[in-house]
Amino acid sequence: MEERPDWKFPTGYGECDEDGVPYCYSNEEVQDELGETIKIVLKSYRTETEPFKVNPTEWEWVVKENAKLLVYRSNNEIVEVPKDNLVKKQSTFSITFDSENLNVDEHEDRLNSFSSLLKYFNEMHFNFASFRIPGNAKSVKNIYAKKQGVQNLYSEEDSL
């Protein structure tokens, strides 16, 4: 608000309740200096060694709704990042969600559909930040054991 005093922000924007929780969200509609209603997504990115996180609503506002992506940096500077830089100028990005929210019985089809949509992307992986091998995982014994014998390249039926 200090950076753009010529814009009009919603009532209560930038204010917090008694617990310090902001009344506003990162997505807001404001009036610019010409009185036009514009959409903005304001994100804090003070620690540039940490991931820059965008939730699905913010993503939709920037990509589909052409909201201005405003990023508050560690030097108290606010910059407008073009939406093309959100994806095209980055080497990789990850999509993360908390797996504790998923009930495999209810969401398995959704996850499979999601996987099917994404399989055409180069270097696509499901990354598990802290993969846990459960105590009930079965040991695979003798996987490297060799058996003597002959393996035919074709079946007997094919050889006739």
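This is a dialogue about a predicted protein model and the terms used to describe it.

Trainee: What should I know about the model and its numbering?

Mentor: The model is predicted: local features need pLDDT of at least 70, side-chain atom pairs count only at pLDDT 80 or more, and totals for chains, interfaces and linings use all residues. Residues are numbered from 1 along each chain as its sequence is written, and side-chain values use heavy atoms, with hydrogens and water left out.

Trainee: How many helices and strands does the protein have, and what makes a run count as one?

Mentor: Four helices and four strands. Both are DSSP runs, numbered from the N terminus: a helix is H or I with at least four residues, a strand is E with at least two. Along the sequence the pattern reads β-β-α-β-β-α-α-α.

Trainee: Why is Ser26 called buried?

Mentor: Buried means under 20% relative accessible area, exposed over 50%, partly exposed in between (1.4 Å probe, protein chains only). Ser26 has 17% relative accessibility, so it counts as buried. It is found in the segment before β1.

Trainee: And why is Asn27 called buried?

Mentor: Its relative accessibility is 12%, which is under 20%, so Asn27 is buried. Asn27 lies in strand β1.

Trainee: What makes the Ser26 and Asn27 side chains a polar contact?

Mentor: A polar contact is a pair of N or O atoms within 3.5 Å; within protein, one must be able to donate a hydrogen and the other to accept it, and residues adjacent in sequence count only if both atoms are side-chain atoms. The contact of 2.9 Å joins the side chains of Ser26 and Asn27, so it passes.

Trainee: Which residues does Asn27 touch, beyond those up to four places away in sequence?

Mentor: Asn27 touches Ile40, Val41, Thr57, Glu58 and Trp61. Contact means heavy atoms within 4.5 Å.

Trainee: Why is the pair of Tyr45 and Phe52 called edge-to-face?

Mentor: Rings of Phe, Tyr and Trp (its six-membered ring) pair if their centres lie within 6.5 Å; planes under 30 degrees apart count as stacked, over 60 as edge-to-face and the rest as tilted. Here the centres are 5.1 Å apart and the planes are at 75 degrees, so the pair is edge-to-face. Tyr45 is buried at 19%. Phe52 is partly exposed at 28%.

Trainee: What makes Asn66 worth a look?

Mentor: Asn66 has a positive phi of about 55 degrees, although it is not a glycine. Most residues other than glycine have a negative phi. Asn66 sits in the loop between α1 and β3. At 54% relative accessibility, Asn66 is exposed.
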